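User: Please take me through the packing and the chain-to-chain contacts of this model, one question at a time, with the cut-offs stated as they come up.

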Amino acid sequence: MKLPDLISTGWTEIRLHKMRSFLSVFAIAIGVATFFYTLSVLSQRYRDIGRAADIAGKGRIDVKVDYPLSLQQYHMLLNALPKGSSVSLETDAETDTISYKNKKLAGFILIGVLPTFQDSTFVYDIEGRFINWKDIENKHLVAVVTVYPREKDEERVHPLYFSSETADIILLSDFSKRVNLLNQQVMIGTLPFTVVGLLHAPPIEKDYRLPEDREYFLEVYLPYPVWYDISSLWRQDFSTRIRVVTGKDSNVRQAASILVSFLRSQFGAEFKPQLKFFQDTLRRYNREAWHGLKTMIFMGIVAMIAGGIGIMNVTMAIIFSRTKEIGIRRALGASRRDILFQFITEALLLGLCGAILGMAIGYISLLYMAEGTGQMTFSWWVVAASILIALTTSFFFALYPAYQAALLKPVNALKYE
Amino acid sequence: MVIRCEHLVKIYQTADAFRALDDVSLEVKKGEFVSIMGPSGCGKSTLLNILGLLDEPTNGEYFLNGAPTAHMKDSKRSQARWKNIGFIFQSFNLMPHLSVLENIALPMRYSNLPHKEILPRARELAIRIGLGDKLTNTPLQLSGGQCQRVACARALANRPNLILADEPTGNLDSKASTDILTLLQELNREGITIVMVTHDPQIAQGTHRTIYMKDGKIL
């Protein structure tokens, strides 16, 4: 029997036994829905982790030291590291000393950076420019301010509110959304800084950095040596983050050893730096993603087995009620293989219907779960995998009853009433 | 020779090992119309099942169109069924949910006939048996005589050289019985060999030769 005939015959039988078919399809659908949802979430997690790894750059190492690092030390470290590596220095301090046109702006972190900051964890759109090497060498009094996207309900607030004399201190995060600070002068301490760039942060659902890489405070970036000079005005203790991006995962260990040797040479042999490897962070995220989904996968397997037993049960019942028909078909020329294929095709069609219904349920669940976060997960490989799981389950659970049907002797089947 | 049986024995393995066929030898030439008569349980249907390759004898040899059938694999037996044999049953054995057209087309689904030729040929056969206006009807919407006509058309679907009919008029009134016999005679005149089991002597009279059976033996 040819495939179109097998499909047509199978479909006719499914339509003739609607309730029986529906129950099988429903059982399969529940399993597929669970798998579809789980695989979609898993896929999204791995995609996010992959994107985060791309943003972070290959072979990233972070280390925090409680000492200031001079530019001379920076160059020494860069020269010692494997070729192609970049080093970013960041150092921060909370302060409330920014003012704009006599208006005090609060709620931000001042960060001293090198232009290499852009080599890792950079997702912003730049308006204007970022800090460059000229700013570093000449200690230009320039600043780059982060602007966070407005949230929906913020649109309704009248901009004039922020120019009201009644507000003594305004959050810079609110202010920078409404007043374009580009090329404006702000006072940091007693020094006038020109805002040369605005970094527009992506909306949260499009920020693919790992949560721990995201900055939740507003940042004001200054040239590293400028920060180094002025920070002593208000703060004695330093915390400098050294971020090394080697460009390759393969030379991370070598870079780490160089980094440790360098830090010990600078801060004493007793110094024990706590290196944080981005590869380890990724591994941890992958592990956490997998652990979180184990239970759901288990539930999916249980549901699929239940669905498969449903298919088996239905196929058995069909064979029992259609023994005579099997006899007639055999008399008319159907081989054992034809009968086997006929029942397997019917089961596969039930499985396919279950897959479609299951994916619809899974998709609605995803839409429901994505509401609020704006994150929508959908991959074609998940669709393919869901269909494959449904068809494989249907196939294996229909195999035994279909084989039993194929073994029926035509003469005995014909006598069956 | 279309059919040649040599010393066929069929024993059913029941408590008392029932001998349904006991040393049956039979020859049916090409173009013959043979009827088999005998009381119930004499082995008529068992013989017909063996001739139709639906069952296998316990002993003896059966040659279909000159070819031995004893060691045929299932696929070959199935192929021989759709290629050489058309079945007509007493209870029609039509698929109740399929239309007249689809019922006639069914044996062609198992043949190597190109897909696009199946329905046109089925339509042609339906017209020939006078049911051209009932192509979309299901068997439940037809009379007994019409159902048996559909079964005849189905038996002709793959243009076999042998038709095996197991009491084809058993469930029909006399008018319908006569119609079916006329149809079978017409097919026989076209060269198809027919072996028919019947209880009706009048129907048997319409065939070339009648074989009588009793207790599994040919008399």
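User: Which residues is M304(A) in contact with, leaving aside its neighbours within four places in sequence?
Analyst: M304(A) has its place in helix α8 (residues 278–321) of chain A, where helices (H or I, at least four residues) and strands (E, at least two) are DSSP runs numbered from the N terminus. M304(A) counts as buried because its relative accessibility is 4%, buried meaning under 20% relative accessible area, exposed over 50% and partly exposed in between (1.4 Å probe, protein chains only). With contact taken as heavy atoms within 4.5 Å, and neighbours within four places in sequence left aside, the residues in contact with M304(A) are I28(A), G31(A), V32(A), F35(A), I389(A), A390(A) and T393(A).

User: What are these values based on, and how are residues and chains labelled?
Analyst: This is a predicted model, in which local features need pLDDT of at least 70 and side-chain atom pairs count only at pLDDT 80 or more, while totals for chains, interfaces and linings use all residues. Side-chain values use heavy atoms, with hydrogens and water left out, chains are lettered from A and ligands numbered from 1 in the order in which they are written, and residues are numbered along each chain, as its sequence is written, from 1.

User: How far apart in space are M304(A) and D229(A)?
Analyst: In sequence, M304(A) and D229(A) are 75 residues apart. From C-alpha to C-alpha, their separation in space is 65 Å.

User: What percentage of the residues of chain A count as buried?
Analyst: Chain A has 12 helices and 13 strands, and residues 24 or more positions apart account for 81% of its contacts with a separation of 6 or more. Of the 417 residues of chain A, the share that count as buried is 51%.

User: Which residues have the most contacts inside the largest nonpolar core?
Analyst: A nonpolar core is a set of buried Ala, Val, Leu, Ile, Met, Phe, Trp, Tyr and Cys residues joined through side-chain atoms within 4.5 Å. The largest one has 78 residues, and those with the most contacts inside it are I3(B), L47(B), L51(B), Y62(B) and V195(B).

User: Is N188(B) buried or exposed?
Analyst: N188(B) lies in helix α6 (residues 174–189) of chain B, and a polar atom of its side chain lies 2.9 Å from the backbone oxygen of I192(B). Because its relative accessibility is 8%, N188(B) counts as buried.

User: How many salt bridges are there between chain A and chain B?
Analyst: A salt bridge is a side-chain nitrogen of Lys or Arg within 4 Å of a carboxyl oxygen of Asp or Glu. The side chains of D74(B) and R330(A) meet in one (2.7 Å, N to O). Between chain A and chain B the count is three salt bridges.

User: Which helix supplies the largest share of the side of chain A that touches chain B?
Analyst: In this interface, 24 residues of chain A are in contact with 23 residues of chain B. At least two residues of the side of chain A that touches chain B come from each of α1 (3–16), α9 (323–331), α10 and α12 (410–415) of chain A. The largest share, six residues, comes from α9(A).

Methods: A polar contact is a pair of N or O atoms within 3.5 Å; within protein, one must be able to donate a hydrogen and the other to accept it, and residues adjacent in sequence count only if both atoms are side-chain atoms.
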